Amino acid sequence: MKTKNIIICGICMLILSVAVTSCKKSFVELTPKGIIPVNTFYNTEIDIRSALTGAYSSLRPIYNEQYGFGELPSDNSQTYGESEVLYGEQDKLTWTPASTNLQSAWGRFYATIAYANIVLDHVNTPPMTTANRNGYIGQAKFLRALMYFNLVRMFGGVPLVLNEITSEAQAYTYNRETAATVYAQIEKDLTEAAAVLPASYTGTDIGRATSIAANALLGKVYMFQNKFQQAESILATVSATAGTSLPYDQVFGLGKDNNRDIIFSVQYLGGGFGEGNTFARSFVPQPSGTTITAVTGNSNNSGTPDLFGSFEAGDNRLNTAIGVYRSGTLVYYYAKKFIYQSVGANSEGDNDWPVLRYADVILLYAEALNENGKTAQALTQLNLIRTRSNLDAKSGLSQADARTTIRHERRIELCFEGERWFDLIRWGTFVQVMQAHKTNFVPANGLIGNVTPNLALYPIPTREIQLNARLTQNPGY
Amino acid sequence: MYKIFTALLCGDIPCYTQKILRVMRLTIILIMIAVLQVSAGTFAQQVSINVKDAPVRTVLSQLTKQTGYNFICDANIINSISPVTIKFKNTPLQRVLEACFATQSVELLFGDHATIVIKRKLQVVLPVAQVISVSGKITDNKGVGLPGVSVLIKGTKTGVVSDVNGNYTIKAPDQRAVLVFSFIGMVSQEVSVGDKTVINIVMADTPQSLGDVVVVGYGTQSRTTVTSSITKVEGKNIGNQPVSTPGEALAGLAAGVQVQSDQGGKPGAAPTIRVRGVSSLSSSNDPLYVVDGYPLETAANFNLINPSDIESIEVLKDAASAAIYGSRAANGVVLVTTKRGKAGKTVFSVSAYTGIQSVNKYIDVLSKDQYVEQVKALSRIKNLQYPSILDGDISGLPDVDWQKEIFRTAPISSFEFNASGGSEKVRFSASAGIFKQKGVLIGTEYTRYNTRINLDADIVKNVKFGFSISPSYSEQFRQPSSGQASGAGANPSDYIIGVPGLLADLNLPSPLNQTLTFQPIVPVYRANGDFAQPYDRELNYNLSPTSVFSASNFYNPVGILSQSINRSRAFRTLSNAFLEYAPIPGLKLKTYIGATLENEQIHGYVPGSMAYSSAPTASYASPQLAGIFASDNVRNSFDWVWENTATYDKQLGKHHFNLLGLFSAQKYESQINYTAGLPGTFITTSVESPLASPNTVGTELFDANTFVSYAGRFTYDYDKKYLFTAAVRQDGSSRFGLNNKYAVFPSFSLGWRLAEEPFLKEPLAKIGINEFKLRGGYGRTGNANIGSFTYVNAIALNRNYASGSNRIFGTQQTGFANPDLTWEKNDQTSIGTDIGLLQNKIVLTFDYFIRNSNGMLLNKALPLDVGYTTTYQANLGKLQNKGFEFTANTNFKLGAVTWNANANFSTYKTKVLDLGGPNALPAVRAINGWNNVYQVQVGQPLGIMYGYEIVGVFRNAADLANNPRVTSGNNIGDSMIKDQNGDGKIDVNDMTALGHGLPDFTYGLTNSFQYKNFDLSILMQGVQGVNIINGNNRQTITGNHNQNSLSKYFNNYFDPAFPNRDVVYPSPISTGSLPGPALSSLAVENGSYLRVRNITLGYRLNENLLKKIALQSARFYVTAQNPFLITNYSGYNPEANIMGGDPTTPGVDQGTYPTARTIIFGINFGF
């Protein structure tokens, strides 16, 4: 009996252990289907191309919201009560370090930087032609520079991440660099990008960053550092590539992607794939229901009466830029230039967001010329914009008057495009302008907060400071 | 258990001559006969035997070896019979036995479980002075005759046993004689003879008591020797409730098991079930469901079981009992045992019920006259326009109570039949049923078809085979029922599914929230039969040709509910089979294979005639192609499990050992295919499918995981007095990081039955205690519900970019590799005691536990400059649950009334111990617009609701001057907020705990009564010390001039025209009351409740009547489900919780489905 027991138990154990050992190792190591583990990717040129496309695609959410940081705080646009929870704090200058909008923006910029870094880290692995490789490198550097430009304008000096972060510990090693260091990196990236990128594309590459875009951005970057000499020389080369000027209403709207005025834009695609823009959903006045588009909007980035009144008589840009909708006693000056009527019920717009336009470059060039004492030449550039807008050409102005006129022209030409707030800061006039605006203008929704010079920089998001104690806060927050 | 009665032992143990012992034995034997459902069958098995002058016990012993049968033999017979000489070859067992006992007048009875009973023919029990002959029939509560019931004349050893049909006849000495009827597993009864000559007896089942056998992981155990915390729920308490899922029926039945029907009466929606609190903040807190030994991949497959197929449910609550399930047992284990066949006559039964459900409460909102008055008042205060038609005579305007339009009285019905029975070799139980429930909210419906076959076969000696298959099909129609009128804040499970990454899910407006604010002056239908919309021109409610009065996102809720389709059809088959071999006594080797096949199709369709945000002007008369939404997705999954167990059970004197060894492997794979038409591209209204669009999009998703496990368990008891169990399991799973694929889960528990100690037995008996067990244990369990490939970083496809109008394919890196990712581990220490009083007429159970969850999976925040990901999952947090549970079971006979009661009470407290660095997780919203309400903080319990405490309204300048104000300033009419920190200003630092969403305690009380042919059971269940955020308030008391409000808002807000009015709510133009969008105390309500869950009254027809219509039994009953609710909560359902099982945001109600009151009438027939 006893031995029989032992034998049977032994057999059982044997069967079990055979069953076990035969499948133990591989059984619990599954390869996921439908997703690609990172360690098997980036091995072909196609992988690099698609990763670069993925980096571009991360621009879409950024420029869906760019108005919130570049336009809403300024005297150009505002929110209404119904969108108070979304961007009220930007409108009223009451943002805090805990603001989720700022945290999201910070994250979105670094996401694009990470995608660009990943391309740059892996681009040398797979075999491909040198021309192609240089093209990918140039585009990735352009995207990275564009993001750091946004970051440095909003937050000042920020951590410079130039490679993929692969471990948690590594993520905590970054300090805030000085704004000058960040600008130097931007200039380096753009110079290198401009050297290798083509001036134009054909086919489905249209819309990618060109050498012109890199130079245009570089010119703008110089302007933001008041490096007017460098700005003038580089912007001169860019403005030389501008074609005949395009009427304002041919620049915006459906089916006008990549027109002659566009140097670089974020390419949106409607059609319900989640790849369209949210401009209609954000900008259409909420009380309008579905009378303007099939989308019920959030009344964001609506023009102020001040902006509406600042258009000179006869300016043919007004009707393209601003739509007027009345609801009871309220008047909405909504951002019509970004809205076309047939935006579908799925809220996805097809039109693009201009990041760099020739009109922008020409006005920057005019500004640089004027600052360098070449006021007459500056007015020539300015008049390119004015005459195309059915306005009289300016001549014989003093340098100071020319400065005022050019700045005003920028305000009108680029309204709602996310430039005004940064321009006011760049010019050092934002405290004065916003104080006046606060005094003269009762916003639709609550009072504008205290206007202090510290507002020139947004605060570093609380979350980031809490996670990485090396980060310091901007003054005043 | 049977062994002690076998012939072997009967022979080995000296048979005492004391008569008293013999009587005891006889009684035991008689009881055994009863248990075994004896029938005088034939013993077809063939045996060979050749003995000379051998004692009978030797013969029986040999026969046992040959046949596997155990013999139960009256000690008297064994002792008095002389040795036999017999020789047979391949002779039927019966003939051999007859030859054996040729000299005695014996009866041979065959029971199931391979047992043969040998007892003297009844005449051996000679009645004493026979005076009165009493006869009658003994039946169970279903009216089925009970054979083998012992009928004794009290105070004597005279007795008889009922026959196969339950009939008995006994001679009583005189009229003072008392008959004692007893049957194991049933409540004994005593009846005075008096002048009666016919005494019919209905025996009632003994309620749950310490004597039961309970199912434990991979086996069963006598409750007497269980050392861990296991709650058993009898199937009949689940089967008798008219609910769509078995989980709902568990509410109030088991201590430590919290059942929250957060979806109310939503047909087919499973409740949230928690065992002993919560263990995880990010992973599932659902227990592991094990059905007939099969560990299910999802709780959904449990909720598909027909409740009346369930024999019993055992909940393994503590880690000591659950740890044998290792990495999936952290939230407790629910063991479901379905009904299996018993040998004997085949029993057919048919059950059916039908009934109606209705909403038991409507919320008071304004009707027309008050509404119009309020519109005018609010418009005046807000300086807004209202339709001029309201200034005239409004008597002709509609006056609609929109709640009555979206709710209905809905039918519920069930029909099922089953058959069970079999021979000693093959037994079966088969059932089929249809359950159909329409929801009280129009457009919701659930239908389920179930079939099940359970088969058991004893193939050859020592080999058993079992097989189960249970295909089921269900169809559920869902409607949005959470979130606010616009659809914001809804539970994603209410969405109509789109195509992940390509087409967003469709989130329709919540009709439940919307009806409370929908204008009563808007009719439901237009004259042409179309649904009326508040902006319809002909209603004259517009302000101007371009300006509407109604809120722009309000669409007729009846139109949405009666037109949108969100339908799930699921076909599931659970099947398993086992082979068990017992090579030597006590050793069982078992191999078990199970498989689950699932196919679920979800169809979503919004017709062009439905008005909603994508097609505001759609109607039947003018359908809008732009509004059409059509999607289909199909999920196919296959899961298999293979388990091999070896158990060895051995009694050595007073030492009893049980050993278990286990190897198990399980693999799950699924694929979901999504298809949808792109909205805006549909070209016809007549095909309700994505096919109606030439532009369809689709994608697919895969999932897979594997588990491989080894486990062992050692159970030991000494004389059933000192008890010990230890178990260990090692699990490996594909779900974890490369560095941490395996983990070990140990447990042990101890028990001591004090009442078995000689020195304590007497004193305890004096105070009525017959059982007193102390037990305690420790164990570690894991939570593997972390998703399948969480640890990898990967390339996400379809991150595309455009070039003009071309789409260019792109990819992005996602995730953050964590090769160290591993199980969440729960360490639970539990102590408890079981006390039996008055021979277990009262059984009390107390339990206390401390449960520490370590290495909780949390999304660890990464600095955003990592870029491609913002968080990654890591094992970081620690959470503690401490709790106490109490259960009392009683079982009394009060005259003719049998009364059983079960009372249970449970409470637990949670405390966050660690979050891996930060002091708190980011605060989250309760509903859309009430932000930062819940925050998981170290040192705090879960579920605390933070917000501002409103103390009044600023009614004048003096109020403004004398009270703290928000930093941006207050106006007259704003709410006054309590300055919690006393710094003289109101800011975010004045947020305070306004309530908590996890209850102080929960309790349940089941009472069942039996009187003659009537049975009555009442189940009550309650939750105490809990708060609910009434999220409907965000819309219903905010003073929107174009929406309806709660009745209590009427003239109860600050109106500058009546500044002295004593009001609760701020001015409708107040915007800056709170420092930001946050919760205020006005919306936090007491959510305690006591609910009568179920009252069932049944009546069993008399047998005489039944015989005429050829029925075995017939019972009629009426049941009221949720008939009464006592609560102060003003919403529909105090159990509501928008986000269902999310442990961090409990107690939020906004547009959630109400609980239905159900009245049914049912019948059970047995043939």
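Start with Pro37(A): its bridge partner in β35(B) is Ala794(B). That pair belongs to a link between chains. Strand β1 (residues 36-37) of chain A and strand β35 (residues 794-796) of chain B run antiparallel, joined by 2 bridges. Strands here are DSSP runs of E, at least two residues, numbered from the N terminus. Two of them pair if DSSP finds at least two bridges between them.

Quick housekeeping. This is a predicted model: local features need pLDDT of at least 70, side-chain atom pairs count only at pLDDT 80 or more, and totals for chains, interfaces and linings use all residues. Residues are numbered from 1 along each chain as its sequence is written, chains are lettered from A and ligands numbered from 1 in the order in which they are written, and side-chain values use heavy atoms, with hydrogens and water left out.

Now the interface. How many residues does the contact take from each chain? It takes 80 from chain A and 74 from chain B, with contact meaning heavy atoms within 4.5 Å. The buried area between the two chains is about 6,300 Å², and carbon and sulfur atoms give 64% of that. Buried area is the accessible area (1.4 Å probe) that two parts lose on being put together, summed over both. On the chain B side, Tyr801(B), Leu864(B) and Asp865(B) supply 14% of what chain B buries against chain A, more than any other three residues.

Next, the charges. Between chain B and chain A we count 2 salt bridges. The cut-off: a side-chain nitrogen of Lys or Arg within 4 Å of a carboxyl oxygen of Asp or Glu. One pairs Arg807(B) with Glu275(A), closest N and O atoms 2.8 Å apart. Strand β31 (residues 696-718) of chain B gives the most to the side touching chain A, with 8 residues.

Move to strand β33 (residues 742-753) of chain B. Which of its side chains are buried? Ala743(B), Phe745(B), Ser747(B), Ser749(B), Gly751(B) and Arg753(B) point to one face and are buried. Buried means under 20% relative accessible area, exposed over 50%, partly exposed in between (1.4 Å probe, protein chains only).

β33(B) has antiparallel neighbours. Strand β32 (residues 722-733) of chain B joins β33(B) through 11 bridges. There, Thr725(B) stands opposite Ser749(B). Strand β34 (residues 769-783) of chain B joins β33(B) through 7 bridges. Arg753(B) has Lys773(B) as its bridge partner in β34(B).

Last, an open sheet of 3 strands in chain B: order β52-β51-β55, mixed pairing. β52 (1084-1086) and β55 (1148-1149) are the edge strands, each pairing on one side only.

Terms used
Helices (H or I, at least four residues) and strands (E, at least two) are DSSP runs, numbered from the N terminus.
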